[in-house]
Amino acid sequence: MLDFLNPILGRHPERIKANVEIYTWQTCPYCMRAKLLLWWKGVNYTEYKIDGDEAARNQMAERANGRRSVPQVFINNEHVGGCDDIYKLDGNAQLDPLLTQPSA
C-alpha cells in the first residue's frame with residue numbers, strides 16, 4: 001500500500017531472498033520485538049506460534065541447540081538466536097547479508 005515509502009525509509013523488501021522462520025508465543029514482548037524488526041526489514045517469515053504446545057517447543061529446542069526460550073529465529077534453516085541476537089546482528093550490519101542470501 002505504501003510501498004513507495006520503502007526506499008525513503010531504507011527498507012528494501014525486494015532484496016530479501018532468505019527463508020526465515022520464527023518460533024513465538026503470542027504475548028511474548030521479545031517475540032513482538034523480533035517480529036517488528038523482521039517486518040521493518042520487509043521479511044515474509046514463517047511464524048510458529050507454540051503457546052502451550054510442548055511438542056512444538058521440544059522441536060524448536062532441538063533445532064535451536066537446546067534453547068527453549070522464545071523467540072528463536074532461523075534463517076535458511078540455520079539458527080541465529082533470539083530477539084537480542086538478531087538485533088545485535090542488525091547493529092553489526094550482519095543481518096541484511098543473511099537475509100539477502102537465497103535459501104539452498
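What follows is a set of questions about labels, each answered from the values behind it.

Student: What are we looking at overall?

Tutor: A predicted model of a protein with five helices and four strands. From the N terminus, the elements run α-β-α-β-α-β-β-α-α. Buried residues make up 36% of its 104 residues, and the accessible surface comes to about 6,500 Å², with 52% of that belonging to carbon and sulfur atoms.

Student: Why does Lys 41 count as buried?

Tutor: The cut-off for buried is under 20% relative accessible area. Lys 41 has 14% relative accessibility, so the label applies. This residue is found in helix α2.

Student: And what makes its link to Asp 90 a polar contact?

Tutor: The limit for a pair of N or O atoms is 3.5 Å. The side chains of Lys 41 and Asp 90 come to 2.6 Å, so the pair is within that limit.

Student: How do you know that the buried residues of α4 are on the same side?

Tutor: Start with which they are: Cys 83, Ile 86 and Leu 89, in a helix of residues 83-91. They cover an arc of only 130° around the axis, and therefore sit on the same side of α4. As background, an α-helix has 3.6 residues a turn, so residues three or four places apart point the same way.

Student: What do the buried residues of α4 pack against, and what does the opposite face carry?

Tutor: They pack against α2, β3, β4 (78-81) and α5 (95-99). The face turned away from the buried side carries exposed Asp 84, Lys 88 and Gly 91.

Student: What about α3: which of its residues are buried, and why say they line one face?

Tutor: In α3, residues 54-63, the buried ones are Ala 56, Met 60 and Ala 61. Down the helix axis they fall within an arc of 140°, so they line one face. Their cover includes β1 (20-24) and β3 (72-75), while Ala 55 and Glu 62 are exposed on the other side.

Student: What makes Asp 53 a cap for α3?

Tutor: One of its side-chain oxygens lies 3.3 Å from the backbone nitrogen of Ala 55, at the N-terminal end of the helix.

Student: Why call Ala 93 exposed?

Tutor: The label needs over 50% relative accessible area. Ala 93 has 59%, so it is exposed.

Student: What about Asn 77: buried or exposed?

Tutor: Asn 77 is exposed, because its relative accessible area is 53% and the cut-off is over 50%. It lies in the loop between β3 and β4, and its phi is near 70°, a positive value in a residue other than glycine.

Student: Last one: what makes the nonpolar surface patch?

Tutor: Leu 36, Trp 39 and Trp 40, which together give about 340 Å². Leu 36 lies in helix α2, residues 29-41.

Note on methods: Residues are numbered from 1 along each chain as its sequence is written. This is a predicted model: local features need pLDDT of at least 70, side-chain atom pairs count only at pLDDT 80 or more; totals for chains, interfaces and linings use all residues. Side-chain values use heavy atoms; hydrogens and water are left out. Buried means under 20% relative accessible area, exposed over 50%, partly exposed in between (1.4 Å probe, protein chains only). Helices (H or I, at least four residues) and strands (E, at least two) are DSSP runs, numbered from the N terminus. The arc is that of the directions from the helix axis to the C-beta atoms. Contact means heavy atoms within 4.5 Å. A polar contact is a pair of N or O atoms within 3.5 Å; within protein, one must be able to donate a hydrogen and the other to accept it, and residues adjacent in sequence count only if both atoms are side-chain atoms. Patches are made of residues with over 30% relative accessible area and no salt bridge: like charges are joined within 9 Å, nonpolar side chains (Val, Leu, Ile, Met, Phe, Trp, Tyr) within 5 Å. Accessible areas come from the Shrake-Rupley method with a 1.4 Å probe; for residues, only the protein chains shown count as cover. A salt bridge is a side-chain nitrogen of Lys or Arg within 4 Å of a carboxyl oxygen of Asp or Glu.
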